[in-house]
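Me: I'd like to learn how to read strands and helices in a model. Could you walk me through one?
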Amino acid sequence: MKNETAVDGSVAVTRIGLLGASGIAPRAIITPSKRRTDALIVAVASRSEASDYAQRHGIARVHADYQALIDDAEVDLVYIALPPSEHARWTIAALEAGKDVLCEKPFAMNAIEAGAVAQAVERTGRRVVEAFHDYYHPLFQWVREFVASGELGSIDAVTAEFNAEIPFDRSSIRHVPELGGGALMDLGCYPLHWLRSLFGEPAVLEASAELNPLGADLSIVARLDFGDGIEASLGASMAPGIEFGAFLHIVGSKATLHVDNLVFPSGGHSIVVTSDGLDYTSTVAGQETYDHQLAAVLDAFRTGESLATEIEDSVRTMRVIDDIYRVAGVR
């Protein structure tokens, strides 16, 4: 999909189809689309409750199966928010039908599946963006620029965590390993992506996990080596009683950086830079992360510019996730 500019200078509307009547879609793409004039949700496909979902959200067309939506000639971009176990299969189907895709994280079940999607991208010439929405907020842009500026000095220690209590439910995809559940897949992929975006590709030195009764990781920690003397501690937990937190902490030889709530900064966040014993606290203005993400996707598809969270990035993230699970003995 590449949006064309009309003769009068206006930008054509990107028509979006939702694969799955998901709980995340209203916040992630339905509401952001309603705040724009160049995006419109035109269809939804679900194996249950699609009609009620469409009525609640003002979606004109309902498809009873996923392939019908993918084949819909009135859909330009397919948004996929299915269980992770279904992501690769339906992303490939959408690509082969000539559609571009915005796929929720985690991108696939493993690097092999992600590689199969990469082959489909190469084969079809279509595009896939993984929905790491936080990456596109001005807060993370500020973090990238500050770390790159050298103001921290040499990096001595890094900690990145995302913790959020998710009550155990045997039917929840977040707790079923066969569906792509687990703390690393659901939560830890975010801090892993921060670290990769800042420091490159790591080697996994150590990892351990606490499992739920179904075998998914309830919590997981890993020690990663990014080279040049930079090691990081990665953590994620959805255990009972865990306090919500999504933070990045970097200790440098000249200063220390602590950023709270990198995932949902519009809900309240803070930046604290400590230098010479003094704390400097600030924030970064911005909209909801999902608004910034949709803007970036539509602009990139219109101009042909590449995005940081396209297929090569997704494959690399899944490789590290595979390595962490392997070292932890989870898979």
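Reply: Happy to. Two strands pair if DSSP finds at least two bridges between them; helices (H or I, at least four residues) and strands (E, at least two) are DSSP runs, numbered from the N terminus. This is a predicted model, where local features need pLDDT of at least 70, side-chain atom pairs count only at pLDDT 80 or more, and totals for chains, interfaces and linings use all residues. Residues are numbered from 1 along each chain as its sequence is written, and side-chain values use heavy atoms, with hydrogens and water left out.

Me: Which residue is the bridge partner of Ala45 in E3?
Reply: Strands of a sheet pair through backbone hydrogen bonds, either parallel or antiparallel. Here, Ala45 has His63 as its bridge partner in E3. Strand E2 (residues 39–45) and E3 run parallel, joined by 3 bridges.

Me: What is the order of the open sheet of 6 strands?
Reply: The order is E3-E2-E1-E4-E5-E6, with parallel pairing. Strand E3 (61–63) and strand E6 (128–130) each have a single partner strand, so one side of each has no neighbour in the sheet.

Me: Which strands form a hairpin?
Reply: E13 and E14 do, with 2 residues between them. Strand E13 (residues 270–275) pairs with strand E14 (residues 278–282) in the antiparallel sense over 5 bridges. Ile271 stands opposite Ser282 in E14.

Me: At what angle do the axes of helix H6 and helix H7 cross?
Reply: Two packed helices are described by the angle between their axes and the distance between the axes. The axes of H6 (residues 138–149) and H7 (residues 183–199) cross at roughly 40° and come within 10 Å. Axes are lines fitted to C-alpha atoms, for helices over the stretch in contact (heavy atoms within 4.5 Å), and angles run from 0 to 180 degrees between N-to-C directions.
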